[in-house]
Amino acid sequence: MKIAPSILSADFAHLADEAARVGECADLLHVDVMDGHFVPNITVGPPVVASLHASTRLPLDVHLMIADPDAYVGNFAEAGASIITVHAEATPHVHRTLQAVRATGARAGVAICPATPATHLEHILDLVDLILVMTVNPGFGGQEFIGGMLRKISQVKAMVDQSGRAIDIEVDGGISDATTPLVVKAGANVLVAGNFVFGGGDPRANVERLRESALSALPSC
């Protein structure tokens, strides 16, 4: 299991400190990039990613919620992104976009919104290292988990198993210690959590609560 705290819910005036608070207990740092076009919000760009890259040991899991990902893939790779995830809905040629991500040396991820069926992934599985199933509509933190996405996670897990490839299944949106067992049982192994981690209390303790909740949902040996 991998836990990826999302800086979307962190204190933007102290991002390096916030990253440090979870640096010893998390597996990835999730960076939501929004452009005000693909989603109704604006967040950060390559300079912030570069600053985070210089201030944390955590691999940067960069989620591009932008209308023209092809124009910026290289910039985010140069800034230090370890994983670059693009939305299947954001480009008419997602196959080409994923090839561009892989050409930078970054791991390639593809995200699908709640209304996008899992079948959209069928012909690009050979190009992805990570599939992000959005469990809320993208654009804002603190939203309520959409329970209907559990079936989609299971569908994606079946597709990944059939492919024989080691593809991570990530979920983002409404993830807490209450929803974590549900998504883990459905097949997810990377959990993005912003509000749960940074919204109150000790972020390190919150990460550990998520991990314990995830591990409790795994079948015992």
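**Overall fold and core**

Analyst: For 221 residues, a compact globule would have a radius of gyration near 17 Å, and the protein chain agrees because its value is 16 Å. That radius is taken over C-alpha atoms, and the globule rule is 2.2 Å times the number of residues to the power 0.38. This is a predicted model, where local features need pLDDT of at least 70, side-chain atom pairs count only at pLDDT 80 or more, and totals for chains, interfaces and linings use all residues. Residues are numbered from 1 along each chain as its sequence is written, and side-chain values use heavy atoms, with hydrogens and water left out.

User: What percentage of the 221 residues counts as buried?

Analyst: Buried here means under 20% relative accessible area, with a 1.4 Å probe and protein chains only. By that cut-off, the share for the protein chain is 53%.

User: Which residues touch the most other members of the largest nonpolar core?

Analyst: A nonpolar core is a set of buried Ala, Val, Leu, Ile, Met, Phe, Trp, Tyr and Cys residues joined through side-chain atoms within 4.5 Å. The largest one has 64 residues, and the top pair is I84 and I131.

User: Which residues does I131 touch, leaving out those up to four places away in sequence?

Analyst: Contact means heavy atoms within 4.5 Å. On that basis, the partners of I131 are V110, L121, L125, V156, V160, I167, D168, I169 and E170.

User: How many residues are in the second, separate core?

Analyst: I83, A111, L132 and M134 are among its members. The count for that core is 10 residues.

Key:
Buried < 20%, exposed > 50% of the residue type's maximum accessible area, 1.4 Å probe, protein only.
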